[in-house]
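Please look through the sequence and the model below before reading on. The report that follows describes how some of its parts are arranged.

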Amino acid sequence: MTATALDAKTALVLVDLQKGIVGLPLAHPAADVVERAAFLAAAFRERGLPVVLVRVTGGAPGRNEQPPAQGTPPADWVELVPELDRQDSDIVVTKQTWGAFYGTDLDMQLRRRGVTQVVVGGIATSIGVEATARSAQEHGYHVTVATDAITDLKAETHANSVAHIFPRLGETDTADAIVKLLG
């Protein structure tokens, strides 16, 4: 768990830090994750590096074994949490699947800016964060996951992603260490 370098053109991608998801029962306190994510976002903005705020507004079609949530979600379910301090320069991506690349213009937005690496954080570790990190790696980006800026619905799925998946996709480290690498 030590990130060794960040490319000169690295973007921060924060996944699903929206009111409806931050309010779910999570393995780690959401407030801590949001605080670490906001810290990263401020550091990236200060250095003129892209910040991508991803939100999910629905689910991909297809059958699965888990029934959909019952009832109508609150009107603010998709709103990004205000602690992220969204700026006009931020890239906002709205997705319908687990990952932030499929069916969105995220890859084009990053390539237009010359981005070669992404730092990923958000909720949920084994769902949106992992799917986004996997796709970023498949698209040829270097990947770093901020391990204290992520959490999951379940501690065991979070631990599996951090211990066994992310080290195979790229590097991992804390938000503090990642900001130090930004210089």
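Helix H2 (residues 30-46) and helix H6 (residues 175-182) pack against each other at an angle of about 5°, and their axes lie 10 Å apart. The model is a predicted one, in which local features need pLDDT of at least 70 and side-chain atom pairs count only at pLDDT 80 or more, while totals for chains, interfaces and linings use all residues. Residues are numbered from 1 along each chain as its sequence is written, and side-chain values use heavy atoms, with hydrogens and water left out.

Helices (H or I, at least four residues) and strands (E, at least two) are DSSP runs, numbered from the N terminus. Axes are lines fitted to C-alpha atoms, for helices over the stretch in contact, and angles run from 0 to 180 degrees between N-to-C directions. H2 and H6 are therefore roughly parallel to each other, a term used for angles under 35 degrees, whereas angles over 145 count as roughly antiparallel, 65 to 115 as roughly perpendicular and the rest as oblique.

In this pair, Arg36, Phe39, Leu40, Ala43 and Phe44 of H2 meet Ala175, Asp176, Ile178, Val179 and Leu182 of H6, where contact means heavy atoms within 4.5 Å. The residues of this contact divide into eight nonpolar, no polar and two charged. Here Ala, Val, Leu, Ile, Met, Phe, Trp, Tyr, Cys and Pro count as nonpolar, Asp, Glu, Lys and Arg as charged, and the others, Gly among them, as polar.

The axes of H4 and H5 come within 11 Å and cross at roughly 5°, which makes H4 roughly parallel to H5. On the H4 side the contact includes Thr125, Ser126 and Glu130, and on the H5 side it includes Ser161, Val162 and Phe166. By class, the contact of H4 with H5 has six nonpolar, six polar and two charged residues.

| Helix pair | Angle between axes | Distance between axes |
|---|---|---|
| H2 and H6 | about 5° | 10 Å |
| H4 and H5 | roughly 5° | within 11 Å |

Serine 161 has its place in helix H5 and counts as buried because its relative accessibility is 1%; buried means under 20% relative accessible area, exposed over 50%, and partly exposed in between (1.4 Å probe, protein chains only). Leaving out residues up to four places away in sequence, serine 161 touches Thr125, Ser126, Glu130, Phe166 and Pro167.

The strands form an open sheet of six, in the order S3-S2-S1-S4-S5-S6, with parallel pairing; two strands pair if DSSP finds at least two bridges between them. Strand S3 (91-95) and strand S6 (171-173) are the edge strands, each pairing on one side only. Neighbouring strands of this sheet are turned by 25° against each other on average, direction ignored.

Strand S1 (residues 10-15) and strand S2 (residues 51-56) run parallel and are joined by four bridges, and leucine 14 has leucine 53 in S2 as its bridge partner. S2 and S3 pair in the parallel sense over five bridges, and arginine 55 stands opposite threonine 94 in S3. The covered face of S3 has Ile91, Val93 and Lys95, and the uncovered face has Val92 and Thr94.

Helix H4 (residues 125-138) lies across S1, strand S4 (117-123) and strand S5 (142-151), running at about 170° to S5. Helix H5 (residues 155-169) packs on the sheet too, touching S5 and S6, and its direction makes about 165° with that of S5.
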